[in-house]
Amino acid sequence: MEQPISPARMRLVKEAIQAQEQYLKKLERIRKEWKRIIEEEDRNSGQRTEVSALERKYLFEYGDLGTL
């Protein structure tokens, strides 16, 4: 049986959870803005905009497993 977590450690766990939630919210906002820009570039050019490896890495590999 696991020993209970001390209140000090539990406080840090809760803080880590909140930080992760804030990070994911911010990442979602960034992804929505990025998608809006890609769609605008597609309309302006009349063709599909190519997504770079750099964009894929930082917008979709880190954080959660977001998809295009």
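How many residues apart are R29 and E33 in helix α1? They sit four residues apart, which is about one turn of that helix. Keep this spacing in mind as you explore this predicted model.

## The overall picture

The protein chain contains two helices and zero strands. Of its 68 residues, 13% are buried. Its accessible surface comes to about 6,300 Å², and carbon and sulfur atoms account for 54% of that area.

Side chains of opposite charge can pair when their charged atoms come close. You can find three salt bridges in this structure. One of them joins R29 to E33, with the closest N and O atoms 3.4 Å apart. R29 is partly exposed at 46% relative accessibility, and E33 is partly exposed too, at 37%.

R36 and E40 also meet in a salt bridge, at 3.4 Å from N to O, and these two lie four residues apart in helix α1. Another bridge links E15 with R11, where the closest N and O atoms are 3.6 Å apart. E15 and R11 are separated by about one helical turn because they are four residues apart in helix α1.

## Where the helices meet

Now look at α1 (residues 7-45) and α2 (residues 53-61). Their axes come within 10 Å and cross at roughly 145°. On the α1 side, the contact is made by L27, I30, R31, W34 and I38, while α2 brings E55, Y58, L59 and F60. By class, this contact has seven nonpolar, two charged and no polar residues.

## A nonpolar patch

Finally, I5, M10, V13 and I17 make a nonpolar surface patch of about 300 Å². M10 is placed in helix α1 and is partly exposed, with a relative accessible area of 32%.

Technical notes:
Residues numbered from 1 in each chain as written. Predicted model: local features only at pLDDT ≥ 70, side-chain atom pairs only at ≥ 80, totals over all residues. Heavy atoms only, no water. Patch = residues over 30% accessible without salt bridge, like charges linked within 9 Å, V, L, I, M, F, W, Y side chains within 5 Å. Areas by Shrake-Rupley, 256 points an atom, 1.4 Å probe, with all protein chains shown as cover. Salt bridge = Lys/Arg side-chain N within 4 Å of Asp/Glu carboxyl O. Buried < 20%, exposed > 50% of the residue type's maximum accessible area, 1.4 Å probe, protein only. Axes fitted to C-alpha atoms, helices over the stretch in contact; angles between N-to-C directions. Contact = heavy atoms within 4.5 Å. Nonpolar A, V, L, I, M, F, W, Y, C, P; charged D, E, K, R; others polar.
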